[in-house]
Amino acid sequence: MHALSAHLKRKKGNFSLDIEVDFFRGITGVFGPSGAGKTTLMHLLVGLEKPDEGFLQIDDILLVDTVKNINEPARNRKIGYVFQEGRLFPHMTVRKNLLFATKYVPKGKQVIEFAELVNLLELNNLLEKRPKQLSGGEKQRVAIGRALLSSPKLLLMDEPFSSLDVKLRRQIIPYLIKINRKFNIPMLVVSHDLPDLLSLTRELFLLKNGRVLGHGNYLDLIEQENMFDVMRGAGLMNVLQFKVDAHDKENGLSILTNKDASQEISIEREMVSDCCQIGDEINVSLRPEDISLTLERIPNISIRNQLPGTIMKIIEKDNRIYCLVDVGFKLLVSITHASLLKMELTKGKQVWCLFKSMALQTNI
Amino acid sequence: MHALSAHLKRKKGNFSLDIEVDFFRGITGVFGPSGAGKTTLMHLLVGLEKPDEGFLQIDDILLVDTVKNINEPARNRKIGYVFQEGRLFPHMTVRKNLLFATKYVPKGKQVIEFAELVNLLELNNLLEKRPKQLSGGEKQRVAIGRALLSSPKLLLMDEPFSSLDVKLRRQIIPYLIKINRKFNIPMLVVSHDLPDLLSLTRELFLLKNGRVLGHGNYLDLIEQENMFDVMRGAGLMNVLQFKVDAHDKENGLSILTNKDASQEISIEREMVSDCCQIGDEINVSLRPEDISLTLERIPNISIRNQLPGTIMKIIEKDNRIYCLVDVGFKLLVSITHASLLKMELTKGKQVWCLFKSMALQTNI
Amino acid sequence: SSGDKSKNSISVFAAASVTNVMTEIAGEFKNETGIRIQLNFASSGILARQIESGAGFDYYVSASKEWMDYLDSMQLVNRNSISSIAGNRMVAIVPIENKELFIDSVSIVNFPDLFKGRISIGDPAHVPAGKYAQQIMSSNSWEVKLAKRILPAKNVRDALFMVEMGEVEMGMVYSSDAQKSKKVRTVYEFAVADCDPILYYGAGKIKSDENLKAFLTFLEGDKAKLIWKRNGFKIN
Amino acid sequence: MENWFVFSETEMSAIGLSFKVALWCAILVLPMAILTGWWLARKSFRGKSLIEGFVNLPLVLPPVATGFVLLLLLGSKGLIGQFIYEWFGIRIAFTYYAAVIASMIVSFPLAVRAIRLSIEMVDPGFEEAAKTLGASTFQSFVRVTLPLALPGIISGFVLSFARSLGEFGATIIFAGNISGETQTIPLALFNQIQVPGMESSAFRLLLVAVVFSFLAMSVSEYLVKKLYKRI
Amino acid sequence: MENWFVFSETEMSAIGLSFKVALWCAILVLPMAILTGWWLARKSFRGKSLIEGFVNLPLVLPPVATGFVLLLLLGSKGLIGQFIYEWFGIRIAFTYYAAVIASMIVSFPLAVRAIRLSIEMVDPGFEEAAKTLGASTFQSFVRVTLPLALPGIISGFVLSFARSLGEFGATIIFAGNISGETQTIPLALFNQIQVPGMESSAFRLLLVAVVFSFLAMSVSEYLVKKLYKRI
Ligand SMILES: Nc1ncnc2c1ncn2[C@@H]1O[C@H](COP(=O)(O)OP(=O)(O)OP(=O)(O)O)[C@@H](O)[C@H]1O
Ligand SMILES: Nc1ncnc2c1ncn2[C@@H]1O[C@H](COP(=O)(O)OP(=O)(O)OP(=O)(O)O)[C@@H](O)[C@H]1O
Ligand code: MOO
Ligand SMILES: [Mg+2]
Ligand SMILES: [Mg+2]
């Protein structure tokens, strides 16, 4: 079932947006350069702007249709929205800001618990403060919390992590994934930070100049030249799905196995601590720069993961080479032109992909 | 000469700041978790808040002294400030916002040219727009530009890159470094993104709970346990200074040499394109996760940089191991506990540090 | 309104210039009969228009014949009850600081030359006292000389106030008012013949009742007349 | 009037009445002014400046004229008043209620303007945020815009109160100058001024009005400060 | 008065005078009101509510009382007026200038309140930003706060203008009711109301006042809209 499908047109000054979308129930990352129209799209979805033309349907309910003259007001759309600029109510304490929406949630329909949320977002000491007394990052956390407590059917977040330090980011991202899974709330997350996005989801929606550049699985997207270009600057990333197979406590490692491949891959345990138990499915991300290619297996090296595979595609961009290697699943590897020449790499060649377990990032 | 020295105390609710600082003329990165007091410190320096106690001296001019009852108003301090929340004037076009301060700069003292700045920040198409019509990232760029055009003696920036995509970040960071060098304007840059900060500078100022945790060169700081902890979560980074020795156009590489070591290191050329000519000094950053250790040189691998060195220190944190290796300069390498055991690494052992030229990031 | 609300009271609408008299009369009347008088003071014109708009009243005291006739023409007052209840005289006054000027029946002929500056009178357009003042001027042929020097006030009281304040050198007001003020000095009392008779008119409402009759009786009595006299009015 | 500080019965009743009229006027004007202010601030429609002009009429008209218009409308022979009298047997003119109504009409444009201004200056972004959280237009207005516009609301209240204290022209025409019922401070003052030699009494009444004014300002200043500090 | 739409000379002069007085009043009040409004909005000091009360005095006092106070101060024997008269030989009371002054005094608190309110609602963060860019307190006020408070400034201007159009009490006392010199529309209206049979003339003048009011509102509405759209 489509969580959301829409075709929206909107002109603002010399900027025009014309977008057709279908979002599924998971988390979709909305990505695009500054001024691409990401915030405008969010405003159209949430009902703060009206499209000049088009329709919007969420959970098969028609919310907007310019032909039929339907335009459901924002408050009935049940879409949680974290504004890029926060917009906390300045006259209310943090507690009241957080609880603002709970009045409008029918009894028993409140999906997220206040206490749990406050703990997770580390807001305990801030509850009686007013927005003016908060730091930038504190404000952002409150804004995320406020949207979550409105028990939305769909959650939109515009750059929700921009003022959060890495520690908090790492803490909130798995939580969002959990909320998405547990309550089946689809999410759209706007970010200019591709690695952040990819640690949330592999489903990407690419925008540029008000047009859809691409939409779909990250790995499928990067195979297309024009999208590859857009994403490259933002930091490409391999995102892989694994199952936790065993914990090697002595060495501090978790043994993960990939669903598709039968390869055993060791992954550092520290990152996964509480969240993953044996049998859990987890997402792991890995930068193309962190993978090395060799022609044979290398002993005596601190690189513990060494996977044999076949080069499927060689993409040449400026002086940088990207190899798509099939090691049971697809891996994007970036190497220099010099290495390409020296190792005489060609499509179809057998290679080993080496990466440190350290380089793997888990996002649940 | 100290660009800035201060001892400032300030209490706000249950938060208290007590900081003693001496900043030199370069760029200093201000780093600390959300709510550490970074914005508060900036406000005290720029004159938007008054310290309860203390003094502030810039370029040997006493601006604040609570004992002598001196408190120079903000406008006389000639400190450019990029607010965390932008604070663009809503009733003025982008052009007028940018030019706001130029009236207060004496003729001939304008150090940065309007046209050049507009080009660099990609503001050409936005000049006649009003802040309300800008996207988040566009606003941030205008705020940076506005502060720069006030020809400040000191520039403070609070999270200036938080809404900028990577492409723009990469573009602005070298420009800031250039401005710092060319006009000798000291800068304090607040960020929760350690890699971003490190690509600007190696001089760090660490804040936590309103207290100074550390101040100095990044590599010196990470040798101290408590600071290592703070920074680890944010992404550790090696930052190295090199001289451009030659360009290998065929392979798309630049050959760089380190000042201290006599090692030849190849670095990808693409990144350095216009900005670096033979003989230029450049900063290069490298993540500890991107370096592998072996016991011998490895042929036939896409890793082109292989440097022999000695393990100087082994830092164990949770299940992660950090080795400080002297390869002529110091390199921080992170490996798993399993590798440590398998390769029997100890302090003093001879190892090879391997890293892909791809993994090197240049920041001018 | 008030008239029919509480049985034992009557409502009297009275021109502002008789404020003192009517207040004292109301007090005495209450002592004597136990009937309370609700007083409504404003300019005669405003009171007439209020009555015209349906205001409930029992007795109306007007400073001008015109407004009484106006109400009578609309049959809002009992024609038989219309009577002049008191008279007044016009006087010339100067600020108390002016100790030099004395006017007698001879020098009054050159009245306009006896003082410099302006003369305040009620606005002849609508203030009765102003109209009388103008009549006195024209019957003595001072009009031309004084035309540019007149400062019309919105009522007699204000005309007096201007003299008190020294804003004008001369004023023409009722003798009843002049007598009360400690800041002015009366320099001349104009002849009765110089203007229309200066009279206050009173009339009851159309439907008379016991209370109103009692009040009418009291008005004609000696006590009421004494009060008028004490306040500087003339009773014939 | 031997003792300067002992008020006569008439004076006392005028003071009490003035206070009561002013308070009621401010209390009754407030909700209407908030509604109108919000409407003018947030909606844009054809003929808006017509409505604006209409609301501001009592400001432009001399109060005496306003009083006459009220009398023509609400007097017991007036356009509307005659029906009220016929159907309910209620006379409005020349009563305490008339004094309150006259004050209300005259204060209304002042209150609307203050409130409208402050609502206009509240960032509509907050209302938008409230709506995405499920609040209706009315709820987001009450929970978000209104508290943020509080200085203007208080200002509107104080303006109505103060203007009512000083109201003379419309009241004397529409409510009459009836001691104990409609004779507020300004009307009592008028009576005293009519009689030479009553200056001291007039001054005392003036003083009371002034003290009232200062009190109202102090209280509102204090309220705004206290409520504002929290924002 | 055969033709309903031909104004008599007196009426014409009253209309022209009213407009002139109101315009001058608004123009002269504005800068003072801006200064006072800014002072009250941005500074906090001891006795602020005393100043507030003082500024608002003309609002609370019946205009007639205000007129008397003006006369006591600026009359040619007044506290201040006597010196003006002695030194410059100028009499203020009962002149065109007195009409303007009376209007100004009465409008002042209204203008101050509107302007102060809008200045209070401008985020001081913008002024701070201007200061870090080198602007003085005055410069940042003029270049940043003032334009952002524009709706309030326009409101203040319109309020002064409108209030002046309706001003009666203070004017008739302090400026007198001198046809062609100080007889504005409300004063002319008052005269006509006092005379039986002048209703039609009174109505026509009322109509002119109403038209003025609507015009003022339309123009200010238009200005605010146009200037606001750009923010
Ligand atoms: N009211 C407006 N009038 C004219 N142009 C506008 C208006 N609002 C936005 N724009 C333009 O529309 C474009 C898209 O804006 P939008 O805020 O959707 O960008 P964004 O993708 O969210 O960018 P960012 O990542 O920088 O926040 C921008 O170039 C902006 O300048
Ligand atoms: N007016 C105030 N009253 C009470 N506490 C305040 C006030 N202003 C700030 N604080 C607190 O002071 C602390 C430091 O705030 P500051 O804005 O300096 O943090 P920061 O380091 O800039 O954080 P961030 O990275 O999230 O912007 C925060 O915990 C904040 O809650
Ligand atoms: O008694 Mo009058 O009608 O005010 O002159
Ligand atoms: Mg945006
Ligand atoms: Mg901050």
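This note covers the ligand and metal sites of a predicted model.

1. Start with the magnesium ion listed as ligand 4. Two protein atoms coordinate the ion: OG1 of T39(A) and OE1 of Q84(A). The distances run from 1.9 to 2.3 Å. The two residues come from separate parts of chain A. T39(A) belongs to helix α1, residues 38-46, while Q84(A) lies in the loop between β7 (79-82) and α2 (94-99), so the pair ties together parts 45 residues apart in sequence.

2. Keep in mind that the area is calculated on protein chains only.

3. Now the magnesium ion listed as ligand 5. Its protein donors are T39(B), through OG1, and Q84(B), through OE1. They lie 1.9 to 2.3 Å from the ion. Here the pair links distant parts of chain B. T39(B) sits in helix α1 (residues 38-46), and Q84(B) in the loop between β7 (79-82) and α2 (94-99). The separation is 45 residues. Both T39(B) and Q84(B) are buried.

4. A caution on reading both metal sites. Water is not among the atoms, so the sites may look incomplete. The protein donors named above should be read with that in mind.

5. Which chains supply the surroundings of ligand 2? Residues from chains A and B do, so the site is shared between chains. The shell counts 18 residues. The closest are S135(A) and G137(A) from one chain, with K38(B), T39(B) and T40(B) from the other.

6. On chain A, a polar side-chain atom of E138(A) lies 2.8 Å from an oxygen atom of the ligand. On chain B, the backbone takes part. A backbone N or O atom of K38(B) lies 2.7 Å from a ligand oxygen. For A36(B), a backbone N or O atom lies 3.2 Å from an oxygen of ligand 2.

7. Ligand 3 sits in the largest cavity. Its shell is made up of A15(C), S17(C), S44(C), A63(C), V127(C), P128(C), N155(C) and V156(C). By type, that gives 5 nonpolar residues, 3 polar and no charged.

8. Which side chains of serine residues make polar contacts with ligand 3? A polar side-chain atom of S17(C) lies 2.5 Å from an oxygen atom of the ligand. For S44(C), the corresponding distance to a ligand oxygen is 3.0 Å.

Note on methods. Residues are numbered from 1 along each chain as its sequence is written. Chains are lettered from A and ligands numbered from 1 in the order in which they are written. This is a predicted model: local features need pLDDT of at least 70, side-chain atom pairs count only at pLDDT 80 or more; totals for chains, interfaces and linings use all residues. Side-chain values use heavy atoms; hydrogens and water are left out. A residue is near a molecule or strand if one of its heavy atoms lies within 4 Å of it. A polar contact is a pair of N or O atoms within 3.5 Å; within protein, one must be able to donate a hydrogen and the other to accept it, and residues adjacent in sequence count only if both atoms are side-chain atoms. On a 1 Å grid over the protein atoms alone, a cavity is a set of points where a 1.4 Å probe fits but cannot get out, and a pocket is an open set with protein on both sides within 12 Å along at least five of seven lines; lining residues have an atom within 4 Å of a point. A molecule sits in a cavity or pocket if more than half of its atoms lie within 2 Å of its grid points. Ala, Val, Leu, Ile, Met, Phe, Trp, Tyr, Cys and Pro count as nonpolar, Asp, Glu, Lys and Arg as charged, and the others, Gly among them, as polar. Donors are N, O and S atoms within 2.8 Å of the metal (3.2 Å for Na, K and Ca); water is not among the atoms, so sites may look incomplete. Helices (H or I, at least four residues) and strands (E, at least two) are DSSP runs, numbered from the N terminus. Buried means under 20% relative accessible area, exposed over 50%, partly exposed in between (1.4 Å probe, protein chains only).
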